Amino acid sequence: MGAVLIGYGETSVGEAVGCGYEALNMWATREALSDTGLEPDDIDGLIASAPFRSERFPLPRLIEHLGLAPLQFAELTGLGGASHVNSIKRATAAVETGRAETVLVVAADALSSEVGPSTVIESLAESVGTFEDPANIVPSLYAHVANWHIDTFGTTRKQLAEVASIAYEHASMQRPDRVHETETKSADEILDSPMISTPLTADQCALISDGGAAFIVTTEANAERLDRESRGNSERPPVRLVGFGAQHTHDHLTQMPTFGETGAVKAGQQAMTEADVTHDEIDLLEIYDCFTITVLRIVEDLGFCELGDGGSLIESGDLRLSGKWPLNTHGGALAQAHPGMPSGIFHITETIRQLQGRAEATQVEDASTALVHGNGGVFSTQAVAVLERGDTRD
């Protein structure tokens, strides 16, 4: 039984004072149900993200709030920014094996207004391991990799900043309620923002936002039925997972086998081989972008350029909307939104939007194949999915 992604929902993002974890998850769920023409009773599977705040048994609490009980399949993700790409595979497998017929994948949190930036930063500092104390906060760990890249390959700070400039440009083209940042910024302006951990300035680090999103995976038969009943001759094809790969290599950065190869190498090869696509056949890239160096390293390890050439690729313009591989067309975690754990789900909802031809000002012409990537920890977990518009191989 084939499984497809049929639609999505998103909350407004930025600072949603008064909307906590449960309310934002409910908001995203309502939007996804409305988008797909489904009712809560149609959902029999759930994959969700735990709140940033510490809480016992968050999943039963969320199921109750969402009004989805009873469910026959439910689980929490725990792979950080790789969670939601992994959830595509988990949800698809649940449908294909009959564990569930229709799975809601939802992730939302109030990182800005409920948790607060100071608590977020303190938690990020506490998460640094004992033997990594000189790097006193997570951005410092990513800065190590950035400095290694600069020293080894001559990558410039401006090339790194250009990653964020692309994100701000694409975010500025979205509807205002869909993005945290609405103005463009040049690479020089990115470099002028406050220094967080050399060479990463504030604008090269993910935002601290409220918000969330959801998407729905169901059977091909259900997708066809909904198309007939709700949308007639819809120009909204389902989206198929045609390739997936994942690699889990370490927790602490000191245990990373080498800065010169992340798990994205093998995860990307697995996904693209399974999908039977070449790099030239990829129409857009959705790369998890907690920091600018993350994007630069991952496009290298996914084979869109050679190791060491990431700066040149970014500078070439190929990752802008008019380029060969438009990058993070929604603005990503750097400029669209970063509500903590849920951040990566926006890369997926944007991919669905693009492949269904609903991306408005940032629509990639004739987009039919997309690569979406997730990064958890400090390059610790890498997940890669190749998604296709449902009618691509008919």
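Student: Is glutamate 360 buried, partly exposed or exposed?

Tutor: Glutamate 360 counts as partly exposed, because its relative accessibility is 47%, and the cut-off for exposed is over 50%. Bear in mind that this is a predicted model.

Student: What about the phi of glutamate 360, and where is the residue found?

Tutor: Its phi is positive, about 55°, although glutamate 360 is not a glycine, and the residue sits in the loop between helix H14 (345-355) and strand E10 (369-376).

Student: And phenylalanine 379, buried or exposed?

Tutor: Phenylalanine 379 counts as buried, because its relative accessibility is 0%. Phenylalanine 379 also has a positive phi, about 60°, without being a glycine, and it lies in the loop between E10 and strand E11 (381-389).

Student: Switching to cis peptides, which residues does the one at proline 70 join?

Tutor: That cis bond joins alanine 69 and proline 70, with omega about 0°, and proline 70 has its place in the loop between helix H2 (58-66) and strand E3 (73-77). A cis bond also joins threonine 198 and proline 199, with omega about 10°; proline 199 is in the loop between strand E5 (195-197) and strand E6 (200-201).

Student: How many helices and strands overall?

Tutor: The protein has 14 helices and 11 strands, and of its 394 residues 59% count as buried.

Student: What radius of gyration does the protein have?

Tutor: It has 19 Å, which agrees with the value near 21 Å that a compact globule of 394 residues would have.

How values were computed: Residues are numbered from 1 along each chain as its sequence is written. This is a predicted model: local features need pLDDT of at least 70, side-chain atom pairs count only at pLDDT 80 or more; totals for chains, interfaces and linings use all residues. Side-chain values use heavy atoms; hydrogens and water are left out. Helices (H or I, at least four residues) and strands (E, at least two) are DSSP runs, numbered from the N terminus. The radius of gyration is taken over C-alpha atoms; the globule rule is 2.2 Å times the number of residues to the power 0.38. Buried means under 20% relative accessible area, exposed over 50%, partly exposed in between (1.4 Å probe, protein chains only).
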